[in-house]
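Let's take a friendly walk through the cores and pockets of this protein. Have the model open as you read.

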Amino acid sequence: MTQAGPSPLLAARALSLAYPGVSRPVLASFDLSLLPGEVVTVLGPSGVGKSSLLRVLAGLQQPTSGVVQIDGAPVRDVHPRVAIAFQNPGLLPWLSLERNVAFGLDFKHQPHLSAKERAARVERAVAEVGLAHARTLHPSALSGGMAQRASLARCLARQPKVLLLDEPFGALDEITRAEMQQLLLKVVRDFGTAVVLITHDIDEALLVSDRVVLIGGSPGREAGQWRIDLPHPRGEQVAELGRIRVEIVTRLRQATSRLN
């Protein structure tokens, strides 16, 4: 008798998203599942629905059809255990770093926390991203990398089961970006958080992902999927990563040409 595998933490089934007056759907019968502690990167040409997918998964936008589930329960609104971060850290300039990290813990979808619980969450999140020394600083005093770490800490303070990242490292320099990629892997290891990462950087996808999903060919449809069963760190595994990279680039070019 074959044993069933673990149940997905997040499951998106037959997602479709269309806007009135727009001839092509943004998403079309798209499926995605995510296990606890898994990093899935979504690649694809511009305009194929990657950011729209993230908004639907976050509960910020309802699909035209299909369903998103967290632990088997449908997501019909913003979910307290799903956090989302963007390329722009979006820190509030009049708040200190630690108060920015705490921002959102009092939103209506969040569980009530005592002052002690709140302080403990913020302290752990700030320490996790290596910013304990900067907790009293305001955003104007932070570098781009520090601001992005603070944005990640703000997500972690909510103790999410699912972390959704939309091009979070795209504006960073190469060294800082590499540091943030390693920090992301540390967060997954320490918190067991599942991650959906949107990026245009194939090398970034290869370095951090358990799976890579390509959207393309036609908007909102899967055009390929790759599982990357390689241990971390992956910087020295050039041959195997290079082989997968060639496959992804070839499929990406095909998907882009069909869109034009």
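## What counts as a pocket

A pocket here is an open set of points on a 1 Å grid, with protein on both sides within 12 Å along at least five of seven lines. Its volume is the space filled by probe spheres set on the points. Keep in mind that this is a predicted model.

## The second largest pocket

With that in hand, the second largest pocket comes to about 160 Å³. Its lining consists of Ala178, Gln181, Gln182, Asp201, Asp203, Glu204, Leu207, Pro233, Arg234 and Gly235. H5 and helix H6 (202–208) are the elements that give two or more residues to this lining. Sorted by class, the lining holds four charged, three polar and three nonpolar residues.

## The largest pocket

Two or more lining residues come from each of E6 and H4, and E6 gives the largest share, with five. The class count for this lining is twelve nonpolar, five polar and two charged residues.

## The nonpolar cores

The largest nonpolar core has 37 residues, of which Leu97, Val101, Leu163 and Val195 touch the most other members. Helix H4 (144–156) and strand E8 (194–198) are among the elements that each supply at least two residues. H4 provides the largest share of this core, seven residues.

What does Val195 touch, not counting residues up to four places away in sequence? Its contacts are Leu34, Glu38, Val39, Val40, Leu163, Leu165, Leu184 and Val188. Another core, of 29 residues, lies apart from the largest one and includes Leu9, Leu27, Leu32 and Val68.

Note on methods
Residues numbered from 1 in each chain as written. Predicted model: local features only at pLDDT ≥ 70, side-chain atom pairs only at ≥ 80, totals over all residues. Heavy atoms only, no water. Core = buried A, V, L, I, M, F, W, Y, C linked by side-chain atoms within 4.5 Å. Buried < 20%, exposed > 50% of the residue type's maximum accessible area, 1.4 Å probe, protein only. Helix = DSSP H or I, 4+ residues; strand = E, 2+ residues; numbered from the N terminus. Contact = heavy atoms within 4.5 Å. Nonpolar A, V, L, I, M, F, W, Y, C, P; charged D, E, K, R; others polar. 1 Å grid on protein atoms, 1.4 Å probe; cavity = no way out; pocket = protein on both sides within 12 Å on 5 of 7 lines; lining within 4 Å.
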